[in-house]
Amino acid sequence: SLGYINGRFVSLEELVLPIEERGHQFGDGVYEFFRVYEGNPFMLEEHLDRLYRSADLIRIDIAPDRDELRAIMDELISRSGLANGDIYLQVTRGMAPRNHAFPSVPSSLTMTIKPWRELAPAVREQGVQVLLHPDERWLNCHIKSLNLLPNLLAKQAAVEEGCFEAVLVRDGFVTEGSSSNAYLVKDGAIRTHPATNHILGGIARIAVRRIAEEQGIPFLEEAFGPEELLAADEAFLTSSGIELVPIAGVHGRGAIGSGRPGPVARAIHARYAELTRQR
Ligand code: PMP
């Protein structure tokens with residue numbers, strides 16, 4: 001594991017920020033999570049697009065440009081000696097005396113790289129239970145903001161019910177998971193919430209859409225409700241960290257489909273695994 005803070009490579013124990021740091025005091029920043037396969041961050045350009053877009057939307061100027069940032073990430077990967085790792089990157093509005101209005105200080109960039117947080121193989125082989133939970137978030141969920149409190153509360157509620165993920169419901173529609181995108185499969189077509197301000201447009205979601213198109217599986221960006229989820233043939237979650245995980249059932253409501261990972265989820269994940277490992 002290795003850390004980076006504003007131009008310096010440091011051990012994780014050394015990652016000390018001033019108390020008056022806006023990420024820490026306000027959650028005033030954005031982040032990215034990249035999975036590195038054999039030295040290459042998967043879908044790097046898509047992640048960088050989202051990072052710079054998120055920062056723009058909250059008016060943070062990321063000091064390194066894309067080329068510089070790619071170079072810093074490369075150096076982090078090579079110095080860490082980790083061919084396979086998870087990079088967490090965060091940009092905040094910087095360090096300044098506490099005041100809600102924006103300070104005139106440079107933004108701050110920190111990163112960590114750690115070995116993959118691996119899923120137990122049984123998770124993908126058997127599928128998971130999810131908990132339906134109200135989506136209590138704000139109206140800018142497309143920004144990958146550091147403010148994750150509603151997500152954390154939902155995830156914790158799920159964990160306390162023995163579930164893998166909380167599936168969020170807003171106005172009768174499933175938006176996404178607390179840290180993943182959510183999909184159902186019905187009559188051979190994949191359905192997921194459109195990439196609006198109510199969800200984070202996942203990078204794994206982009207990969208799934210491309211794979212579906214490649215395999216001739218319809219990919220419908222149409223929201224669905226809990227009843228449609230329960231009546232689906234299959235359902236699954238995706239994120240960069242979990243890749244694709246089938247949903248076996250909804251807590252207190254019953255199984256989805258056969259209660260086992262279905263053929264569409266399996267086919268999509270098989271191709272995803274190929275794409276991440278072939279480069
Ligand atoms: N939605 C939310 C709320 C998330 O936190 C994440 C994971 N960062 C995702 C979706 C999936 O995004 P990605 O595929 O880019 O990891």
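User: In which strand is the place of Thr-175?

Analyst: This is a predicted model, in which local features need pLDDT of at least 70, side-chain atom pairs count only at pLDDT 80 or more, and totals for chains, interfaces and linings use all residues. Residues are numbered from 1 along each chain as its sequence is written, and side-chain values use heavy atoms, leaving out hydrogens and water. Strands are DSSP runs of E with at least two residues, and helices are runs of H or I with at least four, numbered from the N terminus. The run of residues 173-177 holds Thr-175, and this is strand S9.

User: Is Thr-175 buried or exposed?

Analyst: Buried means under 20% relative accessible area, exposed over 50%, and partly exposed in between, with a 1.4 Å probe and protein chains only. Thr-175 has 3% relative accessibility, and therefore counts as buried.

User: With which side chain does the side chain of Thr-175 make a polar contact?

Analyst: A polar contact is a pair of N or O atoms within 3.5 Å; within protein, one must be able to donate a hydrogen and the other to accept it, and residues adjacent in sequence count only if both atoms are side-chain atoms. At 2.7 Å, the partner of the Thr-175 side chain is that of Asp-135.

User: Why does the second largest pocket lie between domain 1 and domain 2?

Analyst: Domain bounds come from an automatic or database domain assignment. Residues of the lining come from both domains, so the pocket lies between domain 1 (2-115) and domain 2 (121-277).

User: Which helix gives the most to the lining of the second largest pocket?

Analyst: Lining residues have an atom within 4 Å of a point of the pocket, an open set on a 1 Å grid over the protein atoms alone where a 1.4 Å probe fits, with protein on both sides within 12 Å along at least five of seven lines. There are 16 lining residues. With five residues, the largest share comes from H2.
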